[in-house]
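Open the structure in your viewer and keep the selection tool at hand. We will go stop by stop.

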Amino acid sequence: MLILLSLLPILCLLVLLIFVKMSVAKAGAISLVVALGIALLFFGMNAFGLLISVGKALSLALFVSLIVWAALLLYHLVDGFKAIDVINKNFVILVEDKFVEFLMLSWMLTAVFQGMAGFGVPVVIVAPILIALGFDKVKSLAAALLGHSWAVTFGSMGAAFFIIQMLTGIPYEELGFPMWIFNTIIHFGTGIGICWLYDGLKGIKKGLSYVVPVSAVMTVVQFFIIRLGLFSLASLLTAVVGLAVMLVLYKLRSPSKTKATLYASNLNLFQSVLPYVVILVLAMLFQFLPDALRNISISFAFPGTETALGYVVAPESGYARIRLFGHPAVLLLAASAVALIVYRRAGVWDSVVFKDALKKTVKKGIPATLALLALGNMSLIMMDSGMTHLLSYSVADLTGRFYPFVAPFFGVLGSFLTGNNTNSNILFGNFQYTIAMRLDVSGAVMAAAQSLAGSIGVAIGPTLILMGALASKLEGQESLIYRKLTGIVLIIALVMGVVNFIMLSL
């Protein structure tokens, strides 16, 4: 009976999102009420325990919302002042081969945007560019959705990564290595998948000469980025390097007979990319600050709790720590400040554009924060009441040592249900970790499989597909996108399942 009740909030969320077509925030709020009622009536959660769970959820939402709002602000500033337009047009000038354009834009440029902002921005920007260049609409949208997905876990300045780390309590260093393994599988798999979308087996044959070397370089680069602890840059910097390597390979193989003239409007290319250079430079500099400065932070402490059924929750100290010189929002806000200075000096400053950027940030930031609050509270109540513990132990006992094969599919399901990797990790992160503890295997590996599978699952998230369809004028044709992508996503998840099983069996 209790097992079925533990499953009910997740089933409620699934039904409301898929069949009732509710927004994530509304469906999460209703599912939260369901979880709350079950926790109080059947799992013996008391008012004190509930208060502590809500406090944890609020602190998690604060940590991630700061990143989300700062990322959205930076994007809408550079987009509003046409810096994105300068970057895109220069990219097209430098690449003339249609296949390379398709692969580079959908596989690399989307990942660069994902590293900076995420939350649908890469798809909404790149899919229309591909269509404007003459590519098939359905292929363009499918490729943009698939291409950006490899960068999601470490994208948005590491939002999804930080969430699963805080929920599981696994040290950053332990979590980083297995995530690197799974991320390698995903960026190679998505590259091959985009080649398939372009021209089936012929596309794969042609694309291997780019995908293999570029993916190999990205693997090495990301390894050292993670080793240095630059988790918020593990997608952005890797994508930038991948984009540069692919461009160099193209130029070496297809040298242009005429010298290309870079495009510039009121802003030149250097002015357009400078805010993003600031992010990279500051992130590097923060690593060499004295410990006294690096440790300046705001954090939260929560006492332990116990339910009437005897489920004990350990106390938390330093929960959801926000570092003044290290939190991704600080980097993003600094980049926004530099962008404003550049725009003023370039003579393109417009208070109307600035106000519009603020309005768009608020319009997109509020629903994202509400969704984080609803799902975060639901997840923490399920965790601290013992529901997640009971449910995960039941699944572990049912599947036994074969569970690692299916673990990635929970990550995909979470992103499909909620629309993004951060919410998928809130929903299933601790669930996967608890199963790992039950099976006596590495919690870090299982959590990494969850998050990176959630990353690839974003490609088939209904909300994101709808946003892309609206931006690409493909309303009503979303089913065509699912036909293109579902098989590719499931194949990559299956490969991850095999690798997960092998890693946990060693």
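The tour below covers a surface patch and then some salt bridges. Keep in mind that the model is predicted.

**Stop 1: the nonpolar patch.** Select Met1, Leu2, Leu40, Leu41, Phe42 and Leu309. Together they make a nonpolar surface patch of about 640 Å². Now colour helix α2, residues 24–42. This helix gives the patch its largest share, 3 residues. Next, pick Leu2, which sits in helix α1 (residues 2–18).

Stop 2: The structure holds 5 salt bridges. Select Asp384 and Lys56. Their side chains form one of them, at 3.3 Å from N to O. Asp384 belongs to helix α14 (residues 351–385) and Lys56 to helix α3 (residues 47–80), so the pair ties together parts 328 residues apart in sequence. Are these two residues buried or exposed? Both Asp384 and Lys56 are buried.

Stop 3: Move to Asp85 and Lys89. Their closest N and O atoms are 3.4 Å apart, in a salt bridge. Both residues lie in helix α4 (residues 83–94), 4 residues apart, or about one turn. Asp85 is partly exposed at 29% relative accessible area. Lys89 is partly exposed too, at 37%.

**Stop 4: back to helix α14.** Select Asp356 and Lys360. Their side chains meet in a salt bridge, 3.2 Å from N to O. The two are 4 residues apart in helix α14, so about one helical turn separates them. Asp356 is partly exposed, with 35% relative accessible area. Lys360, at 36% relative accessibility, also counts as partly exposed.

Conventions. Residues are numbered from 1 along each chain as its sequence is written. This is a predicted model: local features need pLDDT of at least 70, side-chain atom pairs count only at pLDDT 80 or more; totals for chains, interfaces and linings use all residues. Side-chain values use heavy atoms; hydrogens and water are left out. Patches are made of residues with over 30% relative accessible area and no salt bridge: like charges are joined within 9 Å, nonpolar side chains (Val, Leu, Ile, Met, Phe, Trp, Tyr) within 5 Å. Accessible areas come from the Shrake-Rupley method with a 1.4 Å probe; for residues, only the protein chains shown count as cover. A salt bridge is a side-chain nitrogen of Lys or Arg within 4 Å of a carboxyl oxygen of Asp or Glu. Buried means under 20% relative accessible area, exposed over 50%, partly exposed in between (1.4 Å probe, protein chains only).
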